[in-house]
Every structure is written in C-alpha cells, then in structure tokens.
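Reader: Before we discuss individual contacts, could you please show me the sequence and the structure?

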Amino acid sequence: MRRLLSAALALALAAGPVAAAPDKPAVDRDTLVVALEKEFNNLDALVAVSGDSLRYGWQIYDTLYGFDTRGNLVPRIATGVEISEDARVFTYKLRPGVKFHDGTELTSKDVKASLDHILKPESKSTRRPFFAPVVEAVETPDTQTVRFRLKAPDGAFANKVAGYLYIVPADYLAKLPTSDDFAKAPVSAGPYRIKQYTIGGDLVLERFDDYWGEKPKIKTIVFKVIPEPSSRVNAILTGEVDIAVVVPLADHDRLKKEPGLDVIANPVASPLYVRVYSNVPDSPVSRREVRQALSHALDLDAIIKGVFFGIGEPTPAFISKYYPYGANPAVKPYAYDPKKAKELLAKAGYPNGFSIKLYSATDQPKEVAEAIAAYWSQVGVKTDVDRIAYAAWTRLNNTHTSGPLSITQFTNAIYDPIHPVGGSFTKTGTWSDYDNPEIEALIEKVNRTPDRAERDAIFKQVGQILHEDAAGIFISELYYVFAKKKSLDWDVQTGSGFLNFRKVGWK
C-alpha cells in the first residue's frame with residue numbers, strides 16, 4: 001500500500017523545468033484573468049449548487065446581508081435587520097437607490113420575487129429545501145421594507161438569507177418564458193455584470209459602474225476554464241493568468257520558490273468524504289458495521305501524505321473545525337485498523353467482503369479514489385471506480401443517482417453547520433441518502449434555536465452521532481491552493497471555497 005501511494009506521488013511530481021513567473025498583469029491593470037478548474041454548469045445562483053455559484057456568485061449577484069472575508073455577517077443591499085424575540089419575524093430595511101444591471105431600481109418586490117423564484121418547484125433550486133419548509137410569508141409593507149414571517153423559529157435564517165438569497169429583478173423574471181431562461185442571461189445588482197459567456201467555456205465580467213457600493217478597482221474579470229491542472233500551473237508560470245485556482249497540491253512547494261508568486265494554502269471548511277447511500281435496504285452499506293469497517297480500513301494520514309502531499313488533516317465528522325462553531329473536538333477520526341475492519345465486515349454478514357461501485361468526478365484527484373479502492377481491497381472489498389466528468393457527475397449527484405458510493409465535498413455557503421448537515425445528512429436533504437431519527441430530532445431542535453452557544457452544543461451532538469454511525473466515510477479537511485502574482489492585492493476568503501473579488505486590484 002505504501003508503495004502504491006509512493007508511486008502515485010512520484011508520478012504527480014514528474015514535471016518539466018519551472019519557468020520564472022512574471023509579476024505583471026496578464027492583460028493590463030484594469031483586467032484580472034483567473035484560471036478555473038472546471039466549467040460553469042448553471043449561472044442562475046438562485047438555482048445552482050454551491051460548486052458553481054461559489055465562483056461567480058459574489059461578483060454578479062448581491063444579497064441583503066453578506067459575509068466579510070472571515071465569515072461575519074455584514075449589511076449590503078439592506079442597511080439593517082430586526083429579528084423578533086421568537087426568531088420568527090425578520091424585517092430588513094433596504095438601501096435606497098440600488099440599481100440592477102438593467103438599470104431598474106431595486107425594491108422590496110424584487111426581494112419577494114427572488115425568494116419566489118427559489119420556491120417554485122419548476123426552478124429546481126438547490127436552495128429550496130432551506131426556505132420552503134420554514135417561510136410562511138414574505139411581506140412588502142413599502143418599497144424599502146421586506147418582512148419574512150416564518151412558520152417556526154429558524155436560528156440560521158439570517159445566515160441563509162446572506163448565503164442563498166441573491167436578489168434579482170422581478171419584472172425581468174416575469175418576462176422570461178420559463179424559469180430556466182434566467183440562467184442564460186442573469187441580471188442582479190452585484191459589482192460586476194456579464195459581458196460575455198461561452199457555454200462550457202470562459203466567462204467575462206465587466207464592472208457595473210452604477211453599483212451602489214465601493215467600486216471595484218478592476219474593470220474586467222476573465223474566468224478562463226482550464227480543467228487540466230498542469231495547464232493551470234503553466235498558465236500562472238508563463239503569466240497567461242493572474243490567479244490560478246485549485247493549484248495541484250503537488251506544485252505547492254515548487255511554486256512557493258517563485259519570486260513573482262504568492263502561494264496560499266487555505267482551509268475551505270469543505271470536508272472531503274464518501275457519500276453513502278445508506279438508505280438502500282439491500283446494499284451492504286445500509287449496515288452500520290460495514291460503514292464503520294470501510295472507515296477503519298483507510299489510513300487517512302497516509303492518504304493525506306501520499307495523495308494530498310501533506311496538505312490536509314483527517315476529519316472525524318462532517319462539521320469542520322473551521323466553521324465558526326459546532327465542531328466537536330472530542331470526536332476523533334476512525335483509527336486505521338484493518339483487523340477490526342474485517343471483524344466488522346464478518347459481523348455484518350460479509351466475511352469475504354463484497355463488490356461495490358465508487359463514483360469519482362474529474363474535479364477530484366484520481367489518486368483519492370485509487371487509494372481508497374486499494375485500501376478497501378485489503379479487507380476484501382472490491383471497488384469499481386467510475387471516474388466521470390464533473391458536469392455528468394453533478395447531474396447524477398443532484399438527482400440521487402450517484403450511488404452506492406460517491407466521493408464529494410460540501411462547501412458551506414452560510415458559515416453555519418446547518419448547511420452541510422441539513423443538505424447531506426437529513427431525510428429531505430438535497431444531497432442526502434441518509435435517515436436517522438436522532439439526527440432529525442436534533443435538527444428540529446437547532447432550527448428553533450437562534451442562540452449561538454446553544455447551536456454550538458447541539459451541533460456537537462450531531463457530529464458525535466454522525467461519527468459513530470459512520471454516516472459518511474470522512475477523509476480530510478480540504479485545502480485549496482491558490483497561486484497569484486505578488487503585485488496583485490487580494491485576500492482569500494477563509495473558511496469557504498467562495499471566490500471574492502469585490503476588493504482586488506494591482507498594487
């Protein structure tokens with residue numbers, strides 16, 4: 001096994017000579033060129049999964065409240081919010097004079113229309129499960145006031161509004177033939193608007209000069225889709241791009257030696273794990289002992305060292321320690337114990353193991369799936385790895401057809417643990433094939449609890465249960481490595497995979 005990982009490491013490190021990276025704009029001082037690791041799947045940020053919207057959302061769209069670079073709530077389109085004592089009424093006062101990209105002025109009716117767009121089943125919004133069960137009514141007493149009345153208290157509602165509710169123009173939506181048409185030409189009120197988009201290719205944004213807030217220093221942002229990792233590295237080394245996103249971990253150390261580059265390893269609080277379809281009765285992974293066995297069969301430290309070049313750390317559950325609260329430090333990762341794994345398999349009725357399928361998308365290193373399959377083979381589990389394009393995998397994953405096992409991650413769009421836990425480990429979660437009455441009861445409790453300390457305590461219990469039940473095969477905290485030119489002034493968004501170019505410029 002160690003030889004397998006060492007071979008993968010040697011292969012990944014094989015590279016040609018490193019050219020000196022120029023520290024000057026790829027185009028000019030008014031332009032930022034960003035190399036992305038995957039294509040855009042959906043430009044409607046009210047519908048798209050976070051994996052899409054995290055790259056363009058904060059540039060094109062705007063929200064009532066948002067997050068600063070540390071994940072703290074800050075006012076944007078709204079100037080303030082009042083929350084009732086029972087946490088069931090949230091009243092936002094809107095900033096006057098905010099304009100959409102089409103020149104129309106933003107009012108409370110646009111906020112209501114934006115939420116209606118999410119709630120309509122035909123929109124197929126991945127945000128719908130976070131609003132539909134709790135929102136009773138949206139009131140617009142005047143053009144600058146919007147009031148959300150909830151069916152029950154929701155302690156994370158203000159975070160959901162900040163993370164999910166991008167504001168779009170009501171009149172523009174009403175003119176579109178179908179809900180799907182909005183994704184073809186999105187309009188919002190963010191600091192940038194769409195100038196050019198090629199399906200499956202690059203996206204070009206231009207500064208919106210009527211933006212209500214601080215004007216970006218950069219006039220044009222070019223998102224270049226460069227899926228091949230080595231090509232992204234070459235692009236930053238040759239100066240073709242100004243920022244390379246998700247640089248291969250193998251290149252971290254050598255790029256750090258480049259005098260013209262800053263290389264940043266950033267924990268994105270997006271746990272990497274194997275999604276388990278445990279609610280399929282005739283599947284081996286429906287048994288807790290099997291899931292525990294698969295967890296004990298993995299040497300996480302070796303995988304992180306051999307596949308992730310030491311940039312990572314084993315995670316024991318699904319609530320990252322880089323979230324503001326909710327992580328349980330008492331919960332430890334499953335120990336690497338092949339003997340115990342075999343005992344658990346025998347106890348579950350699989351003394352000779354079994355065969356199973358594991359999906360792996362092209363946005364993940366192929367060595368992850370290879371290492372997992374190799375370790376599982378040592379305890380008798382034969383794994384058929386099906387590596388498919390990210391867009392195809394997304395369609396499967398969003399429609400609950402990526403089972404029985406699929407490697408995935410979860411970016412927390414709202415800096416509250418309810419997002420990943422609710423999405424991945426509740427009965428009605430968009431990406432969940434897991435049903436546990438204990439978890440359902442705790443989620444119901446935390447949804448009634450706005451107090452941060454109380455939410456912290458509840459989520460600690462949630463993490464403990466998910467760990468003991470091996471609800472997923474938890475692998476590592478995920479780090480993104482960014483390479484940027486030194487003369488570019490830009491702060492990476494911490495604790496999140498979101499790209500934030502609201503404040504970026506050349507020194």
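**Salt bridges and cores**

Author: Asp416 is buried, and so is Arg455, where buried means under 20% relative accessible area, exposed over 50% and partly exposed in between (1.4 Å probe, protein chains only). This is a predicted model, in which local features need pLDDT of at least 70 and side-chain atom pairs count only at pLDDT 80 or more, while totals for chains, interfaces and linings use all residues. Residues are numbered from 1 along each chain as its sequence is written, and side-chain values use heavy atoms, with hydrogens and water left out.

Reader: At what N to O distance do the side chains of Asp416 and Arg455 meet in a salt bridge?

Author: A salt bridge here is a side-chain nitrogen of Lys or Arg within 4 Å of a carboxyl oxygen of Asp or Glu. The side chains of Asp416 and Arg455 meet in such a bridge, with an N to O distance of 2.9 Å.

Reader: How many residues apart in sequence are the parts that Asp416 and Arg455 tie together?

Author: Helices (H or I, at least four residues) and strands (E, at least two) are DSSP runs, numbered from the N terminus. Asp416 lies in the loop between strand S17 (405–409) and helix H14 (418–424), and Arg455 lies in helix H16 (residues 452–468), so the parts tied together by this pair are separated in sequence by 39 residues.

Reader: In which strand does Arg193, the salt-bridge partner of Glu206, lie?

Author: The side chains of Glu206 and Arg193 meet in a salt bridge at 3.1 Å, N to O. The pair ties together parts that are 13 residues apart in sequence, because Glu206 lies in strand S9 (residues 203–207) and Arg193 in strand S8 (residues 192–197).

Reader: Which residues touch the most other members of the largest nonpolar core?

Author: A nonpolar core is a set of buried Ala, Val, Leu, Ile, Met, Phe, Trp, Tyr and Cys residues joined through side-chain atoms within 4.5 Å. The largest one has 104 residues, and those touching the most other members are Leu64, Tyr92, Phe148, Phe223 and Phe501.

Reader: How many residues of helix H9 are buried?

Author: Helix H9 spans residues 288–296 and is mostly covered. Its buried residues include Val290, Leu294 and His296, and of its nine residues the number buried is seven.
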